[in-house]
Amino acid sequence: MKALLNNERDLAALVLRLGFGFFIVFGHGLGKLQMLLGGGEIMFPGLFGLSPTISLVLAVGAEFFAGLLVMLGFKTRLASLPVIFTMAVAAFIIHFSDPLFSGGGAAKEPAILFLLGFVGTFLLGSGKYSVDALLSKK
């Protein structure tokens, strides 16, 4: 029975990592990476006294690169932290005055959903279907 529960936990970790990782990387991070590498004017909010370019670099690092690490299951807990921080900033600073739920416009909802999903990956870890598991066997 315990082995079955461990398999379900590992499968849940995989589904969370791949699902939330895919949507953060390709739905948000890739576009920001293209904006960063595009050579045009950076239209991104500068936060905490940082320039828009530095803020964008940090968001790309979290949403694209850390998101890829989470998808792969490599250092999942550590890689989840920048995404969690970025989504907390997005939800509670960038979208502070926006409504909770989307009515077709800007809202806190997507950032909070990603925040919750990556808190889940942080708590569950990578599971046995991951690069971490492969490396720990060697």
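The structure holds two salt bridges, a salt bridge being a side-chain nitrogen of Lys or Arg within 4 Å of a carboxyl oxygen of Asp or Glu. The model is a predicted one, in which local features need pLDDT of at least 70, side-chain atom pairs count only at pLDDT 80 or more, and totals for chains, interfaces and linings use all residues. Residues are numbered from 1 along each chain as its sequence is written, and side-chain values use heavy atoms, with hydrogens and water left out.

One of the salt bridges joins K32 to E63, with the closest N and O atoms 3.0 Å apart. K32 belongs to helix α1 and E63 to helix α2, so this pair ties together parts that are 31 residues apart in sequence. Both K32 and E63 are buried; here buried means under 20% relative accessible area, exposed means over 50%, and partly exposed lies in between (1.4 Å probe, protein chains only). A salt bridge also links the side chains of D10 and R9, at 3.4 Å from N to O. D10 counts as buried because its relative accessible area is 9%, while R9, at 33%, is partly exposed.

Stepping back to the whole chain, the secondary structure comes to five helices and zero strands. Helices (H or I, at least four residues) and strands (E, at least two) are DSSP runs, numbered from the N terminus. The C-alpha trace spans about 55 × 35 × 25 Å along its principal axes. Of the 138 residues of the chain, 36% count as buried. Among contacts (heavy atoms within 4.5 Å) with a separation of 6 or more, 65% are between residues 24 or more positions apart.

The largest nonpolar core has 23 residues, of which I24, V83, M87 and F118 touch the most other members. Such a core is a set of buried Ala, Val, Leu, Ile, Met, Phe, Trp, Tyr and Cys residues joined through side-chain atoms within 4.5 Å. Two or more residues of this core come from each of α1 (2-37), α2, α3 and α4, and α2 gives the most, with seven residues. Leaving aside neighbours within four places in sequence, V83 is in contact with I24, A62, A66, G67 and F118.

Helix α4 (residues 109-124) has 16 residues and reaches 23 Å from its first C-alpha to its last, close to the 22 Å expected at 1.5 Å a residue; the expected span is 1.5 Å times one less than the number of residues. Its buried residues are A111, I112, F114, L115, G117, F118, G120 and T121. After α4 comes G125, with a positive phi near 80°. A91, in helix α3, is buried because its relative accessible area is 0%. Beyond neighbours within four places in sequence, A91 is in contact with F96, K108, A111 and I112.

The largest share of the patch, four residues, comes from α3. F92 is found in that helix, α3, and counts as partly exposed because its relative accessibility is 46%.
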